[in-house]
Amino acid sequence: MAQDKILTELTDEELIKVFQQTNDLAPYEILVKRYKDPLMNFVYRFVGDRDACTDIVQDTMIKFYLNKDSYREFAKFSTWIYTIAGNLAKNELKRRRRRNIFSLDNSDDERSLQIEDKSFVAPDRATDSEIKNEMIQRALLKVKPVYREVVILRDIQELSYEEVAEITHLSIGTVKSRINRGRNQLQKLLKNIYRE
Amino acid sequence: MEIKGYNDEMKFSELKSDLKNLPKISAPDNFEYNLYTKIQNKSFADLTEQRGKFSFVKFFAPSAIVVTALIAFFIFLPNSDQQLDNPLMSEPQEIASSGQKVVETIQNDNTPNREVSATPNSNSVRSQNPSKASPNTNFATNQERKYPINRKQSVAVDEFISGDNKNNSDIRQGNVVNSGTGSDEFDGFFVREQPDQKTLEKYRAMIDSVKRAQAKEDSLKKAKKTR
């Protein structure tokens, strides 16, 4: 118990160092507890599917478990694990796109039509926070993935520009311009909900 | 009911706050249990898959197949010297054979017709001296075979009337147009002229003189024999 208490006080980087050295599951479990919810939030906003999101975060944690030695001390653990989750989420989106291209029924078109219908909700109803949040999430899924990722990391996950740049392997300038474009797209899509 | 205006700095402030205040999604209760079960059971085969290493067999197999196919194609390519007949360029069989027939009949038929053809004189001049043919004679004969109008079969009208048609042995006078059907019955179109009385008398006199000459020759031969 005493050792656990000490472990919880350690930083992420210290915890992974212990995990690398001892191969003990305790520091790993603490890191999982710390990051499961932020990663779930990030992946859900990016993919828009709760079940797929859970699988992706689980895969992220497994990858972390399997490739713990590939982590280098000079990087922040948070950016490292966000990068893994982001890559897996992008792979999932690619897989879905491929599936939609080859599928005959093309159910994604129906889904996008539903999104269009939702945007025509009466403005007085749109003030309701639940509907508003639903509309924001749907609009977010319509933004291009390259912009969506950076907007989520910056505005939802509240990471710094430097961290976003590190996660996405982009320069800070590119990150800023992408965030700006993403916000622009999002605002255009959400024109209706800002009416009074 | 007016749309909110945004200046450049505050443009996305409301959007940013909305994004920030979005409800946080949390992991399901059994998340960790499922995760540790997976790790314990090592049921993460697809995550440990490594990219296929480069292998020479995988790389060279398709290219080897393509190269073999190309070589086989060039080896067993059909002989390009073999010329294929273009049906549009070749001479139809029937017409060629009929043309041949006509030539044969002309050669066999030595008796001149009395009918006069309506072809121009220049053609007859050409037909009078077949021995003095130009280097293009073969080409000319081929052309003659091809087309229904045969220049050999034409005659100079003036010369024929005046009796100066020297080369009348191999011409079939008036047989100008060949129908192309292979039948010799159709001789083309002829211009019939009413013979002049004087000319007729002149011809009769000529024939009589020839007959007389022949009779004289015969009598002389008989006399020689009797001696």
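Colour chain B by secondary structure: nine helices and zero strands turn up. Follow chain B from the N terminus and the order of its elements is α-α-α-α-α-α-α-α-α. Keep in mind that this is a predicted model. Buried residues account for 12% of the 227 residues in chain B. Now think about contacts in chain B between residues at least 6 apart in sequence: 73% of these link residues at least 24 apart.

**Stop 1: α3 and α4 of chain A**

Move to chain A and select residues 25–47, which is helix α3, plus residues 50–66, which is helix α4. At what angle do the axes of these two helices cross? Roughly 140°, and the axes come within 9 Å. Angles over 145 would count as roughly antiparallel, so α3(A) and α4(A) are oblique to each other. Their crossing is right-handed.

Next, show the side chains where they meet. On the α3(A) side, pick A:Tyr28, A:Val32, A:Lys36, A:Leu39, A:Met40, A:Val43, A:Tyr44 and A:Val47. Facing them from α4(A) are A:Arg50, A:Ala52, A:Cys53, A:Ile56, A:Val57, A:Thr60, A:Met61 and A:Tyr65. Sorted by class, this contact of α3(A) with α4(A) holds 13 nonpolar, one polar and two charged residues.

**Stop 2: α5 joins in**

The crossing of α3(A) and α5(A) is right-handed.

To see the contact, select A:Tyr35, A:Leu39, A:Phe42, A:Val43, A:Phe46 and A:Val47 from α3(A). Between α3(A) and α5(A), the tally is 11 nonpolar, no polar and one charged.

**Stop 3: the core**

Some of those names come back here. The largest nonpolar core contains 52 residues. Which residues have the most contacts inside it? They are A:Leu39, A:Val43, A:Ile56, A:Val57, A:Ile81 and A:Ala85. The largest share of this core comes from α3(A), with 11 residues.

Centre the view on A:Ile56. Leaving out residues up to four places away in sequence, A:Ile56 touches A:Val43, A:Val47, A:Ala85, A:Leu88, A:Ala89 and A:Glu92.

**Stop 4: α9 against α11**

Now select α9(A), residues 145–156, and α11(A), residues 172–189. This pair packs at about 100°, with axes 8 Å apart, and that makes α9(A) roughly perpendicular to α11(A). From α9(A), show A:Val146, A:Tyr147, A:Arg148, A:Val150, A:Val151 and A:Arg154. Their partners in α11(A) include A:Val175, A:Arg178, A:Ile179, A:Arg181 and A:Leu186. By class, the contact of α9(A) with α11(A) has seven nonpolar, two polar and five charged residues.

**Last stop: where the chains meet**

Bring chain B back into view. The contact uses 26 residues from chain A and 27 residues from chain B. On the chain A side, α3, α4, α8 (129–142), α9 and α11 each supply at least two residues. Which helix gives the most to that side? α4(A) does, with nine residues. By class, the side of chain A that touches chain B has 12 nonpolar, five polar and nine charged residues.

How values were computed:
Residues numbered from 1 in each chain as written. Chains lettered and ligands numbered in written order. Predicted model: local features only at pLDDT ≥ 70, side-chain atom pairs only at ≥ 80, totals over all residues. Axes fitted to C-alpha atoms, helices over the stretch in contact; angles between N-to-C directions. Helix = DSSP H or I, 4+ residues; strand = E, 2+ residues; numbered from the N terminus. Parallel < 35°, antiparallel > 145°, perpendicular 65-115°, else oblique. Left-handed = near helix turned anticlockwise from the far one by under 90°. Contact = placed C-beta atoms within 7 Å. Nonpolar A, V, L, I, M, F, W, Y, C, P; charged D, E, K, R; others polar. Core = buried A, V, L, I, M, F, W, Y, C linked by C-beta atoms within 7 Å. Buried ≥ 20, exposed ≤ 12 C-beta atoms within 10 Å, placed from the backbone.
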